[in-house]
Amino acid sequence: MSEWRAAHKAAPTDAPAPGLPSLDVEHGAMKLSSVCKSGVFSNPAVSIHKIDWSKVVSLASPGADGSGGNINVSSGGQVFVAQFAAGLCILKYVKVRGECYAEVLASDLGRALGANMAEMRLIHCDTQEWTSLQNALQGISGRCAFAANASALMKCCKVCIVAQFVAGNGLDQLWEEDATAFLRDPHSLEQMGRVFVLDLITRNPDRIPCAALGWKGNLSNIRIAETLQAPVAIDSGIPHLPPRIRGLLRADDRKAIFDVIPGLMSDPKPFV
């Protein structure tokens, strides 16, 4: 636990990688998606299925503040954006191994339901790929503080998630600006419905607001992907409940869900 806390501390500002733009220095507190939209990267995502980690150039934080400090953005874990010459992917470390499994499981379930989900997979500590990733991060730690931070996390985590980087803005930003076109697009609304069904199944309140369920939601966990011009769900999960309140909350959830589903089928407007 002490190793996790030490590694989880905010990292200082990175030095720019030679020959490439620095995401967290030159652009300060800009959202990484906005940096990508501005054309810094012509090909902002790399395939996560076969990665040569020796070619990683730098790491940045999608939640970096103006000082370059890394903000805890989800699930009690820490998220980094790995930068390659060809583009980007996501690395996520969580101290509880089961939370990694739950996130990948929820993503796979969403895909089975027909929802657009960010692709992701696991890297385990007993594999050659884990060793390759750790060696690559240690190799750039001298000039990249975020890489040093990620490398330290690998000493106390047994598994990490590598996920697709989704270039685009969060639905929360679109909602603040003008969501008219989005709300008139049948495909986008269908995707939102599929994601909502996923969240009902997994009891995930951290995405789509729903007053009937008491969910405040977090619309930044739905990205409007530039390549698809469609919503893509990120940061899924299956929330863990302490045993002493699990039974009560499950009973309440079950009752609320059985109230919500018939309403959605008859008239979805109150739930939008």
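Reader: How many bridges join strand 6 to strand 7, and do they run parallel or antiparallel?

Author: Welcome! Please keep in mind that this is a predicted model. Strand 6 and strand 7 (residues 222–225) are joined by 3 bridges and run antiparallel. One of the pairs can be named: Gly170 has Arg223 in strand 7 as its bridge partner.

Reader: What makes strand 6 and strand 7 a pair?

Author: Two strands count as paired if at least two bridges are found between them. Strand 6 and strand 7 have 3 bridges, so they meet that requirement.

Reader: Which sheet do these strands belong to, and which strands are its edges?

Author: They belong to an open sheet of 3 strands in the order 6-7-8, paired antiparallel. Its edge strands are strand 6 (168–170) and strand 8 (230–233), since each pairs on one side only. Neighbouring strands of this sheet are turned by 35° against each other on average, with direction ignored.

Reader: What is the strand order in the sheet of 5 strands?

Author: That open sheet has the order 1-2-3-5-4, and its pairing is antiparallel. Strand 1 and strand 4 (120–124) are the edge strands, each pairing on one side only. From one strand to the next, the twist averages 30°. Helix 3 (residues 97–112) packs on the sheet, where it touches strand 3, strand 4 and strand 5 (159–164), and its direction makes about 150° with that of strand 4. Helix 5 (residues 145–153) also packs on the sheet, touching strand 1, strand 2 and strand 3, with its direction at about 125° to that of strand 2.

Reader: How do you know that strand 2 pairs with strand 1 and with strand 3?

Author: Count the bridges again. Strand 1 (residues 58–60) and strand 2 share 3 bridges in the antiparallel sense, and strand 2 and strand 3 (residues 88–93) share 6, also antiparallel. The requirement is at least two, so both count as pairs. Gln83 shows this well: Ser58 stands opposite Gln83, and in strand 3 the bridge partner of Gln83 is Leu88. The hairpin of strand 2 and strand 3 has 4 residues between the strands, and Gly87 there takes a positive phi near 155°.

Reader: Why is strand 2 called mostly covered?

Author: A residue counts as buried when its relative accessible area is under 20%. In strand 2 (residues 78–83), 6 of its 6 residues are buried, so the strand is called mostly covered. Both faces are covered: Gln78, Phe80 and Ala82 are buried on one side, and Val79, Val81 and Gln83 on the other.

Reader: Why is Leu189 called partly exposed?

Author: Its relative accessible area is 39%. Buried needs a value under 20% and exposed one over 50%, so Leu189, at 39%, falls in between and is partly exposed. Leu189 lies in helix 8 (residues 186–202).

Reader: What does the protein come to as a whole?

Author: Its secondary structure comes to 9 helices and 8 strands. Of its 272 residues, 46% count as buried. The accessible surface is about 13,500 Å², of which 56% belongs to carbon and sulfur atoms.

Notes: Residues numbered from 1 in each chain as written. Predicted model: local features only at pLDDT ≥ 70, side-chain atom pairs only at ≥ 80, totals over all residues. Heavy atoms only, no water. Buried < 20%, exposed > 50% of the residue type's maximum accessible area, 1.4 Å probe, protein only. Areas by Shrake-Rupley, 256 points an atom, 1.4 Å probe, with all protein chains shown as cover. Axes fitted to C-alpha atoms, helices over the stretch in contact; angles between N-to-C directions. Contact = heavy atoms within 4.5 Å.
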